[in-house]
Amino acid sequence: MKKLLLIPFVVCTCQLIAQVKPGTTTVKKLKITILSTMLAQKGVGEWGFAALIEADSVKILFDAGGREKTVLENSKDLKIDLSDVPELILSHGHGDHTAGWIPLRTAMKASNPKALSVTHACKGLFDTRISSSGQEFSSRKTDSLQYIQTGGVVQMYERFTEIHPGIFLTGQVPRKYPEKNYGLGGNVIRKKDELGNIVEDIVPEDMSLVIRTEKGLVLISGCGHSGMINTITHIQDYLQQPLLAAIGGFHLLENNDEQIKWTANELKKTCMRYFMGAHCTGIEPVYQIREWNNLKRGECIVGSVGAVFELDKGFIAGALTK
Ligand SMILES: [Zn+2]
Ligand SMILES: [Zn+2]
């Protein structure tokens with residue numbers, strides 16, 4: 001594991017983890033289990049996302065679910081022990097990915113002080129979000145204070161970084177293509193920029209996880225606010241390998257047919273073989289991409305709680321979504 005700079009308190013500082021030049025390691029064994037999304041075969045469904053990543057000897061929780069106890073209870077129902085998971089990634093600051101952050105840390109700390117004690121997040125997550133009445137409405141700053149009081153450490157990133165051999169965070173994703181996958185229902189959310197001006201919130205902190213395997217790259221996305229193609233383009237600019245799988249929320253639910261078709265055509269260039277659209281991907285876009293990209297039924301599925309991706313087996317979906 002590459003040595004990373006540990007930052008004890010980052011809410012009001014701009015200290016960031018330095019960009020690390022990618023090595024050449026590939027992950028040999030990979031299992032991804034969905035712990036929060038809308039559909040559930042075991043546990044409960046919710047508007048949110050979380051997944052457990054097991055990559056060789058590394059265990060990371062990716063996002064923390066949309067309600068305080070969903071991931072806690074779903075992991076129990078799936079007989080998954082999160083007390084031996086030391087790290088957690090917050091894909092971005094929205095409550096449907098962060099509500100379980102402090103409750104999970106607090107619950108797991110009781111049996112293992114190191115459980116979920118390191119949180120990876122991207123620059124912008126602690127920006128001030130402004131409601132229509134001019135008030136700050138995000139509670140991520142106070143969450144962060146609580147987390148640090150439990151002994152947790154928050155590590156911030158801005159750029160593409162290898163956090164373990166063969167395991168990468170995108171950092172902030174350049175918005176090369178005009179994918180506007182944020183502001184659900186046409187709502188314009190506002191934030192303060194670094195100069196204190198109120199600007200549209202494009203969710204600059206939206207970051208994804210990438211795992212390099214011998215079969216290709218595996219992408220895990222929380223809400224996909226940066227745009228699915230923007231994110232994959234950014235990843236492949238760094239790693240120059242085909243995309244094996246895209247898993248998670250990609251916020252295609254409000255895209256029209258023309259936009260989905262454009263996404264599907266761009267995905268053809270990435271060599272994607274497996275697609276699990278969970279959370280805000282929307283159900284119809286998953287089927288459109290399956291059809292337009294000539295993917296088979298077992299290779300392109302709607303995500304559900306308990307669904308698994310394994311490197312040597314592909315998707316293991318439950319009865320509802322297989
Ligand atoms: Zn979001
Ligand atoms: Zn979301």
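Author: At 2% relative accessibility, His225 is classed as buried.

Reader: Why is His225 called buried, and what makes His94 partly exposed?

Author: Buried means under 20% relative accessible area, exposed over 50%, and partly exposed in between, with a 1.4 Å probe and protein chains only. His225, at 2%, therefore counts as buried, whereas His94, at 29%, counts as partly exposed. This is a predicted model, in which local features need pLDDT of at least 70 and side-chain atom pairs count only at pLDDT 80 or more, while totals for chains, interfaces and linings use all residues. Residues are numbered from 1 along each chain as its sequence is written, and side-chain values use heavy atoms, with hydrogens and water left out.

Reader: How do you know which residues coordinate the zinc ion (ligand 1)?

Author: Donors are N, O and S atoms within 2.8 Å of the metal (3.2 Å for Na, K and Ca), and since water is not among the atoms, sites may look incomplete. His92 (NE2), His94 (ND1) and His225 (NE2) coordinate the zinc ion (ligand 1) at 2.0 to 2.2 Å, with the sequence spacing H-x1-H-x130-H. His94 lies in the loop between strand E5 (87–89) and helix H2 (95–98), and His225 in the loop between strand E14 (216–221) and helix H5 (228–239), so the pair ties together parts that are 131 residues apart in sequence. Helices (H or I, at least four residues) and strands (E, at least two) are DSSP runs, numbered from the N terminus.

Reader: What makes E11 and E12 a pair?

Author: Two strands pair if DSSP finds at least two bridges between them; strand E11 (residues 190–192) and E12 have 3 bridges, in the antiparallel sense.

Definitions and conventions:
Chains are lettered from A and ligands numbered from 1 in the order in which they are written.
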